[in-house]
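This report looks at how side chains pack in one protein chain. Please view the sequence and the structure first.

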Amino acid sequence: MGQQRNRTRGALLRRVAPVGVMALAAAVLGTAATPTGTYAQAAPAAAPVLHIPDQQGPPQTGHLAAAKYLKDHPGAAPQGANDFGCKPTAEHPRPVVLAHGTDSSAYSDWAGLSPLLAQAGICVFALDYGGKPGKDTFGTEDVWASSAQIGVFVDQVLAATGATQVDLVGFSQGASVTRYWINKLGGAPKVGQWIGMASPSYGGIMYGLVPIADAVPGIYKLVEFGSSLAAVQQAAGSPFIKDLNAGGDTVPGVKYTTIGSRVDEMIQPNSNIALRGAGATNIVLQEQCEADLTGHFQLVYDAFAQRLVVNLLDPGHAVAPDCVPVAFGTGIADVVLAAHS
């Protein structure tokens with residue numbers, strides 16, 4: 001019984017959520033399962049792996065359903081994504097690139113939104129970045145290296161489509177690494193619009209757990225061992241978060257939008273989601289639909305939030321989202337179960 005309990009706890013620690021000292025809360029919270037299978041592009045030595053999934057799977061309504069599909073179809077791509085023969089139109093001249101969160105994948109996080117964007121006539125692309133060499137996990141490795149991988153993939157998309165710019169949508173860690181590439185690695189001229197869903201823009205203190213870890217030598221090394229390097233690097237006040245926002249959190253020429261929740265389970269205080277620089281728009285879900293208490297994990301599968309993103313990327317056909325009640329904590333059980341599926 002004790003061994004089983006330890007195995008369960010270890011599995012949760014390996015699937016920590018995207019910000020703060022995640023392993024300290026992993027007994028309660030987890031994130032979606034990741035795919036297995038061959039990699040389309042292997043990184044040398046200890047550099048993170050970049051995988052481009054090319055077998056499209058069906059739409060999904062949550063992380064658990066996506067994880068179950070991935071179990072039998074490892075390395076799946078979300079429906080509508082990664083058709084490198086897709087050519088942008090005058091109405092939608094910029095392809096959209098989707099970046100997943102920590103210890104997740106393109107299919108795990110985007111099996112709901114990608115089909116909606118494709119149906120709108122947008123060329124959609126999604127990568128699995130930050131993979132651990134020899135493993136089947138993504139979004140777990142050094143975030144600076146993962147940020148550079150975003151640029152590699154964007155260049156592939158631009159070359160294939162003939163477009164001059166892309167729009168970027170990132171969930172959780174995906175929001176940070178895409179914004180780092182834009183702001184710090186010269187990506188701004190190649191981007192029209194950036195959208196961060198549940199973006200850990202200024203990290204999170206996890207209900208006060210991060211300051212405790214800051215005060216105890218060696219805690220972060222233990223967290224890294226039990227979770228991932230990327231999880232530790234996203235704590236509030238970490239070198240990466242400081243570097244990401246040094247000199248301002250936006251740069252000229254790019255339209256920035258964050259979409260966040262007042263009841264985000266991982267980013268505390270929730271005001272850390274918002275950007276503070278010129279040109280930034282910060283949308284709080286409950287200010288537009290008070291009854292929708294979707295938090296961090298479920299945001300990418302929340303119908304209201306999905307419609308907000310589609311409207312931002314396809315403003316000529318904007319549709320008012322339906323505001324329906326969503327219970328607090330929705331999706332948390334699914335991500336925990338997904339970690340064991």
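## A charge over a ring

Arg276 sits over the face of Tyr202, 3.6 Å from the ring centre. The model is a predicted one.

## Aromatic pairs

There are 6 aromatic pairs in the structure. In one of them, the ring centres of Phe84 and Phe153 are 6.4 Å apart and the ring planes stand at 85 degrees, so this pair is edge-to-face. Phe84 belongs to the loop between strand S3 (76-77) and strand S4 (96-99), while Phe153 belongs to helix H5 (residues 143-161); the pair therefore ties together parts 69 residues apart in sequence.

Are these two residues buried or exposed? Phe84 counts as partly exposed because its relative accessibility is 29%. Phe153, at 0% relative accessibility, counts as buried. Ring pairs also join Phe84 and Phe153 with Phe125 in a cluster.

In soluble globular proteins, nonpolar side chains tend to be buried together. Here the largest nonpolar core has 34 residues, and those touching the most other members are Leu98, Trp110, Leu117, Val169, Met197, Val309 and Leu313. Among the elements that give two or more residues to this core are helix H2 (63-72), strand S5 (124-131), strand S7 (191-197) and helix H12 (303-313). Helix H12 gives the largest share, 7 residues. Another core, of 33 residues, lies apart from this one and includes Leu50, Val97, Tyr180 and Ile182.

What does Met197 touch, leaving out residues up to four places away in sequence? Its contacts include Trp110, Val169, Phe171, Ile259, Leu299 and Val309.

Notes
Residues are numbered from 1 along each chain as its sequence is written. This is a predicted model: local features need pLDDT of at least 70, side-chain atom pairs count only at pLDDT 80 or more; totals for chains, interfaces and linings use all residues. Side-chain values use heavy atoms; hydrogens and water are left out. Rings of Phe, Tyr and Trp (its six-membered ring) pair if their centres lie within 6.5 Å; planes under 30 degrees apart count as stacked, over 60 as edge-to-face and the rest as tilted. Helices (H or I, at least four residues) and strands (E, at least two) are DSSP runs, numbered from the N terminus. Buried means under 20% relative accessible area, exposed over 50%, partly exposed in between (1.4 Å probe, protein chains only). A charge sits over a ring if NZ of Lys or CZ of Arg is within 6 Å of the ring centre and within 35 degrees of the ring normal. A nonpolar core is a set of buried Ala, Val, Leu, Ile, Met, Phe, Trp, Tyr and Cys residues joined through side-chain atoms within 4.5 Å. Contact means heavy atoms within 4.5 Å.
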